[in-house]
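Notebook open, pencil ready. Here is what I looked up today, entry by entry.

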Amino acid sequence: TSVGGIHASIAFARFKKLKTGLFIVSGGNIASIITNTEQDILLDAKNKRFKLFNYKSDIEYTNALKKILPYEPLQIHFDKSKKKIGMVVSTNDSIVPTKNQIELKEKWNSVILSSSWLGHTATVIKTWLFNSSTIIDFFR
């Protein structure tokens with residue numbers, strides 16, 4: 001889920017032994033997520049980095065992040081035909097922006113098990129409260 005989902009998507013793409021993955025409000029293009037999120041801690045870090053490194057634009061910041069991030073789920077090539085991939089997407093997300101969730105879904109040709117317009121945190125809570133049987137069935 002969320003940051004854990006981003007970490008899990010990296011592991012899922014890198015390790016052949018992992019055959020089934022479900023990613024809840026996770027996304028691809030990590031540098032873009034860090035740049036465009038409205039999460040308070042990352043916004044604060046972004047503002048401090050802009051001052052410290054004298055970045056002039058979000059594009060410049062995103063490109064700098066891409067250079068230092070060791071893994072990007074969208075760039076890790078793996079045989080998707082041998083994996084079962086599902087996602088839960090928030091269509092109104094500003095923490096892991098919806099566009100990044102859709103980007104990962106399309107790149108990986110994932111099945112959307114559920115979607116919600118409720119926003120990031122509410123989608124996570126809604127998923128666990130009301131879609132747990134769908135999640136369990138997905139892993140069977």
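**Helices on the sheet.** I started with α1, which lies across β1 and β2 and runs at about 155° to β1. Then I checked α6: this helix packs on the sheet, touching β1, β2 and β3, and its direction makes about 130° with that of β2. For my own reference, helices (H or I, at least four residues) and strands (E, at least two) are DSSP runs, numbered from the N terminus. Axes are lines fitted to C-alpha atoms, for helices over the stretch in contact, and angles run from 0 to 180 degrees between N-to-C directions. Contact means heavy atoms within 4.5 Å.

**Ground rules.** I am reading a predicted model, where local features need pLDDT of at least 70 and side-chain atom pairs count only at pLDDT 80 or more, while totals for chains, interfaces and linings use all residues. Residues are numbered from 1 along each chain as its sequence is written, and side-chain values use heavy atoms, with hydrogens and water left out.

**The sheet.** In what order do the strands stand? I found 3 strands in an open sheet, ordered β1-β2-β3, with parallel pairing. β1 and β3 (111-116) are at the edges with a single partner strand each, so one side of each has no neighbour in the sheet. From one strand to the next, the twist averages 10°. Two strands pair if DSSP finds at least two bridges between them; I noted 5 bridges joining β1 to β2.

**A loop residue.** Next I looked up N131, in the loop between α6 (120-130) and α7 (132-138). Is N131 buried or exposed (over 50%)? N131 is buried, because its relative accessible area is 15%. Leaving aside neighbours within four places in sequence, N131 is in contact with S114 and K126.

Note on methods:
Buried means under 20% relative accessible area, exposed over 50%, partly exposed in between (1.4 Å probe, protein chains only).
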